[in-house]
Amino acid sequence: MCENVEMISQSLLVPSLLLLLLPRASGVTNVTNSQELSDDLYQRIAAELNLSETAFITRVNPSENFTTGSRFQLRWFTPTTEINLCGHATLASAAVLFMHKKNENPKLVFETRSGDLAVTQQGEGYVMDFPLNPPTQQDPNDFRDLIKAAVGNHPIQDVYLSPQTKKLLVRLSDSCDRSVLTGLKVDPVALQRSETSGRVKGLIVTMKGSPEIQPGYDFYSRYFAPWNGIPEDPVTGSAHTVLGSYWSQKLGKNKMFAHQCSSRGGELRLEVCAEGRINISGEAVTVLQGTITL
């Protein structure tokens, strides 16, 4: 098989690779929902690119193209598996369509494993309408080994689990300085060894921010998902569907400004909305454009 697939890399402060499967023109293979590449090939491409997530966009309506269409199918693959939700790759997908394909619609809707996800332009950035994933409080002793592997002997204040996303949220004590979070040396192998039940596929470590000090972050976080082939994700929209719910309750506010404290780092603006939704806002920058021949 020899197919040309346009590749555009975008960034929500960090790279998130996208493959646009284009309609038949100038020797490019027509790819519609009925003519998608195989799941095995999707996975092998993601493994070869070896980024946190690789996103694949395909057309829903064969009579439309990437400029005229308003609905697309979107799938995300880590280097080891397909996942149900990814924030920065969704934002980047919309940015590619708006900026590079000059999509003429004010809103794009992506059909995904997590249902329909809408993205709209707002100034120089984009707003994603995502499902809110409220976590429930847990007994820390049920995850003692995992917590120990993640934060060592640092004091913790809360442990919550989102059963929908299988993300465990561990909140550091308010007595901890931000340097405790940024200084954590988390061994992904130790995390996997400490949690084999299947209840957890991602670990969020978070702490209260300092909104009174500029730039005014309401909370900080880091995210680790070695169970899905991601030792640490630089910026994670899906984790903020859990964090947004948790911190909205704890802080008593619906609009929040968050910072993910990976080595690259990233800012997210959140708004918890009615009917179990959350708006996540960010910007995108093109860092690479090219073609893959299969």
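Q: Which residues does Lys166 touch, not counting residues up to four places away in sequence?
A: In this predicted model, Lys166 touches Leu161, Gly198, Arg199, Val200, Lys201 and Gly202 once residues up to four places away are set aside. Contact here means heavy atoms within 4.5 Å. Residues are numbered from 1 along each chain as its sequence is written, and side-chain values use heavy atoms, with hydrogens and water left out. Because the model is predicted, local features need pLDDT of at least 70 and side-chain atom pairs count only at pLDDT 80 or more, while totals for chains, interfaces and linings use all residues.

Q: Where in the chain is Lys166 placed, and how far is its C-alpha atom from that of Lys201?
A: Lys166 lies in the loop between β10 (156-162) and β11 (167-172). Helices (H or I, at least four residues) and strands (E, at least two) are DSSP runs, numbered from the N terminus. The C-alpha atoms of Lys166 and Lys201 are separated by 5.3 Å, although these residues are 35 apart along the chain.

Q: What makes Lys166 buried, exposed or partly exposed?
A: The relative accessible area of Lys166 is 35%. Buried means under 20% relative accessible area, exposed over 50%, and partly exposed in between (1.4 Å probe, protein chains only). Lys166 is therefore partly exposed.

Q: Why is Ser221 called buried?
A: Ser221 has a relative accessibility of 1%, so it counts as buried. This residue is found in strand β13 (residues 219-225). Leaving aside neighbours within four places in sequence, Ser221 is in contact with residues including His240, Leu243 and His259.

Q: What is the span of helix α6, and what is it set against?
A: Helix α6 (residues 237-251) has 15 residues and reaches 20 Å from its first C-alpha to its last. The expected span is 1.5 Å times one less than the number of residues.

Q: Where is the kink in α6 centred?
A: The kink is centred on Leu243 and is about 30°. The bend at a residue is the angle between axes fitted to the seven residues ending there and the seven starting there. Just after α6, Gly252 takes a positive phi of about 70°.

Q: Why is α6 described as largely enclosed by the rest of the structure?
A: Of the 15 residues of α6, 12 are buried, so the helix is largely enclosed. Among them are His240, Leu243 and Trp247.

Q: How many aromatic pairs are there, and what makes the pair of Phe66 and Phe72 stacked, edge-to-face or tilted?
A: The count comes to 11 aromatic pairs. The rings of Phe66 and Phe72 are 5.5 Å apart centre to centre, with 10° between the planes. Rings of Phe, Tyr and Trp (its six-membered ring) pair if their centres lie within 6.5 Å; planes under 30 degrees apart count as stacked, over 60 as edge-to-face and the rest as tilted. Phe66 and Phe72 are thus a stacked pair, and both are buried.

Q: How is the pair of Tyr246 and Trp247 classed, and why?
A: The centres are 5.1 Å apart and the planes stand at 85°, so this pair is edge-to-face. Tyr246 and Trp247 form one aromatic cluster with Tyr160 and Phe219.

Q: How many disulfides does the structure hold?
A: The structure holds 0 disulfides, a disulfide being a pair of cysteine sulfur atoms within 2.5 Å. Cys86 is buried, with a relative accessible area of 2%, whereas Cys273 is partly exposed at 27%.
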